Amino acid sequence: MTTIAARRRFETRPQRARRRSLTFEVSRARSLRSTWVLLVLGAVAGATTLVSGSLADLTQVEPSPADAISVLTSATSGASVVCGIFGALSAGHEYRYGLFGLSATLFPRRSDLLVGKVLGAMAFAVLTCSAALVVGLGALWLTGKDHLVSAITSEPGTVLLASGRSIMVCIGYLLIGIAAAVMCRGVLGGVVVPLGMANIVEPVLALVVGRGGLWGYVLPFQDARRAVLVEGATLLDLGDGVVVTPSASLACFAFAVAVTLSAAWASFIRQDVT
C-alpha cells in the first residue's frame, strides 16, 4: 500500500471532502486566465510603487536597515489589494453565474466547500506576495538604488520576518475579499466594500478621532499597512509620543479578519444558494 493510499484509508469522511474541495478549487483557479493576470499584476504592483518614487521619503542616501526593509515590504500593499480582488472573484463568481447550487451538490456540507475555497485562495496570496517581494527587490537593484539593496540584504533574518508578516497581510486581505463577497452575494460588493473601508472610511475616522491611544490599533486596514513594516521604522511613529509595533498591528488586523470571516461563514451556512 502506498503512502498516499495509506493516508487516505485513515482519513475521515469530512477530511476527504475537504481535500476534494481543495483540489477542485485549485484546479479551477489554475484553469482561469484571470488567475494568472492577477498574479502578474500583484507581482509588478510593488515594483511600480517603488520605481514611481512614492516612497522617496525613505530612500535617503544611507537609510537604516529598518527603513530600507520597510520600503520593500510597504510595496506589497498593491499585492494585498490584488489578493483581495482575487478573493472576491473566487467567491463572488459563484453567485454571479449561479454556480453555488452545482458546487453544493458536489459538496453537500457548506463548510467543506468554503474550507476548500479559502485554502485554495490562500495559496494564491502566498505566491502573489512572494513574487511581489522578489520583483520589488529586483526593481530597486535595476533602478540603481544599491544603497537600499545593501541595507535590505544586511539583515536577512529581519527581512524574513517582515516578509512573513507581509504574506499574512495579503492572506488577510484575500479572506476579507471572500467574506465581503459572501455577505454581499456578489463580486462588486466583495471588491468595493473592502476598498471603500480601507481608502475612505478609515482615513476619515483617523482624521476625526485622531491616531493616538487605542485609535492607533482599532482601524484594521491601517493596522495592515503598519504590520508589514519593521520595528524602528520611521512610519511607525504616529506622533504625539505614539509608536505602534508591527506585531501588535498584525494581531489587531488578524482579529478583524477572523471576526469578518466568522460572520461570513455563519451567513453562508444559512444562505439559500440553490
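Arg185 counts as partly exposed, at 43% relative accessibility, where partly exposed denotes a relative accessible area between the limits for buried (under 20%) and exposed (over 50%), computed with a 1.4 Å probe on protein chains only. The residue is found in the loop between H9 and helix H10 (187-209), with helices (H or I, at least four residues) and strands (E, at least two) taken as DSSP runs and numbered from the N terminus.

The structure is a predicted model, in which local features need pLDDT of at least 70 and side-chain atom pairs count only at pLDDT 80 or more, whereas totals for chains, interfaces and linings use all residues. Residues are numbered from 1 along each chain as its sequence is written, and side-chain values use heavy atoms, with hydrogens and water left out.

The protein contains twelve helices and two strands, which follow one another along the sequence in the pattern α-α-α-α-α-α-α-α-α-α-α-β-β-α. Of its 274 residues, 46% count as buried. Among the contacts (heavy atoms within 4.5 Å) with a separation of 6 or more, 78% are accounted for by residues 24 or more positions apart.

When residues up to four places away in sequence are not counted, Leu174 touches Cys83, Gly84, Phe86, Gly87, Ala121, Met122, Phe124 and Ala125. In soluble globular proteins, nonpolar side chains tend to be buried together.

Lys117 lies in helix H7 (residues 110-142) and is buried, with a relative accessible area of 1%. The side chain of Lys117 reaches the backbone oxygen of Ser90 at 3.1 Å. Ala132, also placed in helix H7, counts as buried at 4% relative accessibility. Although Ala132 and Ala43 are 89 residues apart in sequence, they are 3.9 Å apart in space, C-alpha to C-alpha. With residues up to four places away in sequence not counted, Ala132 touches Gly42, Ala43 and Ala79.

A search of the whole structure finds four aromatic pairs, defined as rings of Phe, Tyr and Trp (its six-membered ring) whose centres lie within 6.5 Å, with planes under 30 degrees apart counted as stacked, over 60 as edge-to-face and the rest as tilted. The rings of Tyr173 and Phe253 have centres 5.9 Å apart and planes at 40°, so the pair is tilted. This pair links distant parts of the chain, with Tyr173 in helix H9 and Phe253 in helix H12, 80 residues apart. Tyr173 is buried, with a relative accessible area of 11%, and Phe253 is buried as well, with a value of 1%. Ring pairs link Tyr173, Phe221 and Phe253 into a cluster.

The structure holds one salt bridge, the term being applied to a side-chain nitrogen of Lys or Arg within 4 Å of a carboxyl oxygen of Asp or Glu. The bridge is formed by Arg226 with Asp223, the closest N and O atoms being 3.3 Å apart. Both residues lie in helix H11, three residues apart, about one turn of the helix, and both Arg226 and Asp223 are buried. Side chains of opposite charge can pair when their charged atoms come close.

The structure holds zero disulfides, a disulfide being a pair of cysteine sulfur atoms within 2.5 Å. For Cys129, the closest cysteine sulfur is that of Cys170, and the two sulfur atoms are 3.6 Å apart, too far for a bond. Cys129 is buried, with a relative accessible area of 0%.

Notes. Polar contact = N/O pair within 3.5 Å; in protein donor to acceptor, adjacent residues only side chain to side chain.
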